[in-house]
Amino acid sequence: MDQKKGIDSSEASRVPRPRPVPGSYGMFPFISAVRDRLDFHYFQGPDKYFESRIEKYGSTVIRINVPPGPFMAPDSRVVAVLDAKSFPVLFDLTKVEKMNILSTYMPSTSLTGGFRVCAYLDPSEPTHAKVKQLLFNVLASRKNAVIPAFRAHFSSLLATVDSQLRLGGKPNFNTLSDTTTFEFLCDAYYGVLPSASGLGTSGPAKAAKWLLWQLHPLVTLGLPIILEELLLHMVHLPPFLVSGDYKALYKYFSAAASEALDEAERLGLPREEACHNLLFATVFNSYGAMKLLLPGILAHVAEAGEKFHHRLATEIRAAVADAGGKVTMAAVEKMELTKSAVLEVLRLDTPVKRQFGRAKADLNIESHDAVFAVKKGEILFGYQPCATRDPRVFGATAGEFVGDRFLGEEGSKLLQYVYWSNGRETENPSVDNKQCPGKNLAVLVGRLLLVEVFLRYDTFTADIAKGPAAPTVEFIGVTKASSGPDIA
């Protein structure tokens, strides 16, 4: 099938001589960087911004400016790798450095207690291995809590959806999910509900505000352009305006994560530094990603239609029935179509679209068509949708949602080109790389969302609208499950 294409292995034997990277940073650096930022955010949008420059320069490896630019970032110039073949150079730690380079700018460490948290550490730094091992240990120690916690919180969310539909409303999944996801993650990771702590129900709002203070140079909120440029894209929002929210979050984590902090000290990590890292990993990495991923999954599956819903419901209910009516890890692992659908959403609309690295030495980068010479110290940048929607790999349906894309032998071959986790889907995170430590958990949570939906409903319909960062999903109607296992 066309959507199950892959890279022709014969390409690897045709390695042409390195050539200079095409592209331009503009004749007037400051003005050109600002103009490009306006194109990126307003006049073209991210996808068109990169597609137009690929077309202009006839290459998928190009020199361009990327936001935020002046005055937020010291340098907006990058070498962009925008296809499936060149993109993985960003994962090769023999070629790129990852110190302080989550973007072309770095938020103030005042937002993270004065510490450079794990996301900004290169694996060569000793603290990186300690923090990442701590995260692995937390995930391992709480693995049996994930499924029960998810089911408890999201079954309640769907009960609210049912109630609002009965009253003639259009339940907004994003709003409900933002609150539910924060409770679920903290419950799953630490066993302490934020709403039952001193944080109360303010956790999601405080978390969202803190996230905005770090990500505002890269977002738009629908305000007039001149206001967004002045307030969001040219200067850092003052950290003191969010310090009270952060202190409240920190207080919750310092108490709720006490066992994890004990473990951190055993690993040789100071308790305070560990707590700031756990807060960042939970709120920025996990919660920030789930705020985008879960609505994205629901949006794509809603648009896939009733026939696809039937296939998912049939698979999910059969696996649960075989497990005696229980949703177990073994049952979820049998749901191959469900997993394929989640990975397809992660391929099309990954929560983290931008990845960076700094060249450790002069190196060559190979695209499908050429080899390019890059100098030591240059910033390499990848816009993931260009790589994971590469038609040279995924064929004519590269830009479409194909829920069963990764099924079967041919489908599984394509998993090596799914890069959402800052690494290949076929590889695993370790203390020695920068791949997301929660990679497998994210895919599990995505599957659990579909499990919960299709144990409850045969099908559903929703209004889908484009949002600033994730699609907005409003339920229109649901058809309650007509058959299925008795759920324990």
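**Reading helices, bonds and contacts**

Tutor: Start with helices α1 and α7: their crossing is right-handed. Here, right-handed means that the near helix is turned clockwise from the far one by less than a right angle, and left-handed means anticlockwise. The model is predicted: local features need pLDDT of at least 70, side-chain atom pairs count only at pLDDT 80 or more, and totals for chains, interfaces and linings use all residues. Residues are numbered from 1 along each chain as its sequence is written, and side-chain values use heavy atoms, without hydrogens or water.

Student: At what angle do the axes of α1 and α7 cross?

Tutor: Two packed helices are described by the angle between their axes and the distance between the axes. Here α1 (residues 29-43) and α7 (residues 225-233) cross at roughly 120°. Their axes come within 12 Å. Axes are lines fitted to C-alpha atoms, for helices over the stretch in contact, with angles from 0 to 180 degrees between N-to-C directions. Helices (H or I, at least four residues) and strands (E, at least two) are DSSP runs, numbered from the N terminus.

Student: Which residues of α1 and α7 meet?

Tutor: From α1, look at Arg37, Leu38, His41, Tyr42 and Phe43. They meet Ile225, Glu228, Glu229 and His233 of α7. A contact means heavy atoms within 4.5 Å. By class, the contact of α1 with α7 has four nonpolar, two polar and three charged residues. Nonpolar covers Ala, Val, Leu, Ile, Met, Phe, Trp, Tyr, Cys and Pro; charged covers Asp, Glu, Lys and Arg; the others, Gly among them, are polar.

Student: How do α6 and α8 pack?

Tutor: The angle between α6 (residues 203-215) and α8 (residues 243-256) is about 125°, and their axes are 9 Å apart. The crossing of α6 and α8 is left-handed. On the α6 side, the contact is made by Gly203, Lys206, Ala207, Lys209 and Trp210. On the α8 side, it is made by Asp245, Tyr246, Ala248 and Leu249. The contact of α6 with α8 divides into five nonpolar, one polar and three charged residues.

Student: How many residues of α17 are buried?

Tutor: Of the 18 residues in α17, 16 are buried, so the helix is mostly covered. Buried means under 20% relative accessible area, exposed over 50%, and partly exposed in between (1.4 Å probe, protein chains only). Helix α17 (residues 439-456) reaches 27 Å from its first C-alpha to its last.

Student: Which residues of α3 are buried?

Tutor: In α3 they are His128, Val131, Lys132, Leu134, Leu135, Phe136 and Val138. These buried residues pack against α5, α9 (258-266) and α10 (271-304). Helix α3 (residues 126-141) has 16 residues and spans 23 Å from its first C-alpha to its last.

Student: Is Ser177 buried or exposed?

Tutor: Ser177 is buried, at a relative accessible area of 2%. Ser177 is in helix α5 (residues 173-190). Leaving aside neighbours within four places in sequence, Ser177 is in contact with Phe154, Leu157 and Leu294.

Student: What should I look for in the backbone?

Tutor: Most residues other than glycine have a negative phi, and most peptide bonds are trans. Now look at the loop between β2 (61-65) and β3 (77-81), where Pro68 is found. A cis peptide bond joins Pro67 and Pro68, with omega about 15°. Phe71 lies in the loop between β2 and β3 too. The bond from Pro70 to Phe71 is cis, with omega near -5°.

Student: Where is Asn100 found?

Tutor: Asn100 is in the loop between β4 (96-97) and α3. Its phi is positive, about 55°, although Asn100 is not a glycine. Asn100 is partly exposed, with a relative accessible area of 29%. Asn422 has a positive phi of about 65° and is not a glycine. Asn422 sits in the loop between α16 (408-413) and α17. At 19% relative accessibility, Asn422 counts as buried.

Student: Which residues does Arg424 touch?

Tutor: Arg424 lies in the loop between α16 and α17. Not counting residues up to four places away in sequence, Arg424 touches Pro88, Phe91, Gln416, Tyr417, Val418, Tyr419, Gln435 and Lys439. Arg424 and Ala260 are 164 residues apart in sequence and 28 Å apart in space, C-alpha to C-alpha.

Student: What does Met329 touch?

Tutor: With residues up to four places away in sequence not counted, Met329 touches Ile147, Leu444 and Arg447. Met329 is in helix α12 (residues 329-333). At 36% relative accessibility, Met329 counts as partly exposed.

Methods
The expected span of a helix is 1.5 Å times one less than its number of residues.
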